[in-house]
Amino acid sequence: MSQSLMQPLAYLEEHYDRFQEELIELLRIPSISHDLTYKEDMDKAANWLADKLRSLGINKVEIFPTPGHSIVYGEWLNGGVSAPTVLIYGHYDVQSPEPLEDWKSPPFDPGIRDKNLYARGASDMKGQTMAAVNAVEAILKTENFPINIKFLIEGEEEIGSKHLNDFLVQHREKLACDFSLNTDAGGMPDAGTPSICYSLRGGAVFLLQIFGPSQDVHSGEYGGVVQNPIHVLSKLITDLHDDYGHITLAGFYDKVRKIEDEERAELARLPFDDVFLRKHSGVPALWGEPEYTPAERIGARPTMDVVQFEAGQPKSAIPAKATARVSFRLVPDQDPADVDKQFRQYLEIHMPPTVRWDLEFRGGGRGIITDRKAPEVLAMKDALQTAFGKDPIFQRVGGGIGAVLMLKQTLGIDSVLTGFSLYDDNFHGPNEKLHLPTWKKGMAALVYFFHNLMNK
């Protein structure tokens, strides 16, 4: 190991306890972005991060207000005009912790049990953000850093990054870089298996409402002559899949890429088999397209799910309406606008004349796929192998990150997507956690990554 690498790695080891305490301090701030009663805490978290970046020696740190929550920006450009520039993305907002009764310890009172740090935001994504911040600190404090670093840490990821794209447009020149590093993507199947995400699904969300009688009507007086909106909506939803899990919208799969043999072999390395997924989900059996493996169905195939259904009351009445929130997960090349047309056509054909209906497109975005052989991706691959002693698995992640698409479409940059959360970290759910030994290795991996960039 080179002398230059030994110094930042030793710094990480020497300051690890402080890094852990600082993360705990940040986790105590309930930075819940969707609830305006936490606006003061959102500002507190933004200021905490700005102060932290200043303590690293970052040349220029600014907090940019938006119509929602602030964006923290910092830059260290001592690498010079010819050096590569990396934009490190993160977010400091968190999901709401409810239901509180399911937490074993208060969500904003961090506690350590069995080498795991439990708190809302520990894994998603305050822990991941601080892994990158700490790795940069270890390098800046111990050696010359011949690359340029920019930090962009937003406060609205958990509510769709509502104002991020406007910020990117307004500050396009300031944010110019070669690529982005994002440690919020995918995470690791287990503590010994690092991963790189090279594809994220996009999505399209709809609100479908079925209207029957003008008001709830007595099921004895009108049962048998008034069709129930719940029944209509239920059948429409059921018929969106065939018996094998394929989506029945005409033309839905026309733009879906075939999974090539090389990619199929890579996805086969993922441990997402029947036993693994049943264990972590708690279901008695898996479901879906039988000609694809579970790992392929999660990341490389599009899906449709009803994520909310509202109808009826606990009384003997046929309800006036039934409502479903329908979420499509789309793979690269699929267009949400196409799905909007396909869904409307399906409803026009299959809707009975006994009801009225309304379909509202609530938003969406395209999927992302990146080059697994790009130099910065290979630099991360080598770094993870060095830190964890095992070649990382490349995976297509089933979820989406709006910021990754915005950075691609607005700034024209790709993202290196990795992360040090584990599959059972339960982010967005009760008892969210961060496995501290994995987090520690992740910081070392990022030091290796930056060194690989220096030497390429």
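Please keep in mind that the model is predicted. Helices H2 and H3 come together with their axes within 11 Å, while strands S4, S5 and S18 form an open sheet.

**The H2–H3 pair**

- Helix H2 covers residues 16-27 and helix H3 covers residues 39-56; their axes cross at roughly 155 degrees.
- Because angles over 145 degrees count as roughly antiparallel, H2 is roughly antiparallel to H3.
- On the H2 side, the contact is made by Arg18, Glu22, Glu25 and Leu26.
- Facing them from H3 are Ala45, Trp48, Leu49 and Lys52.
- Sorted by class, this contact of H2 with H3 holds 4 nonpolar and 4 charged residues, with no polar ones.

**The three-stranded sheet**

- The sheet is open, has 3 strands in the order S4-S5-S18, and its pairing is antiparallel.
- Strands S4 (111-113) and S18 (433-435) are the edge strands, each pairing on one side only.
- From one strand to the next, the twist averages 25 degrees.
- S4 pairs with strand S5 (residues 116-118) in the antiparallel sense, over 3 bridges.
- Within this part of the sheet, arginine 113 stands opposite asparagine 116 in S5.

**The helix on the sheet**

- Helix H14 (residues 436-455) packs on the sheet and touches S4, S5 and S18.
- The direction of H14 makes about 60 degrees with that of S18.

Notes
Residues are numbered from 1 along each chain as its sequence is written. This is a predicted model: local features need pLDDT of at least 70, side-chain atom pairs count only at pLDDT 80 or more; totals for chains, interfaces and linings use all residues. Side-chain values use heavy atoms; hydrogens and water are left out. Axes are lines fitted to C-alpha atoms, for helices over the stretch in contact, and angles run from 0 to 180 degrees between N-to-C directions. Helices (H or I, at least four residues) and strands (E, at least two) are DSSP runs, numbered from the N terminus. Angles under 35 degrees count as roughly parallel, over 145 as roughly antiparallel, 65 to 115 as roughly perpendicular and the rest as oblique. Contact means heavy atoms within 4.5 Å. Ala, Val, Leu, Ile, Met, Phe, Trp, Tyr, Cys and Pro count as nonpolar, Asp, Glu, Lys and Arg as charged, and the others, Gly among them, as polar. Two strands pair if DSSP finds at least two bridges between them.
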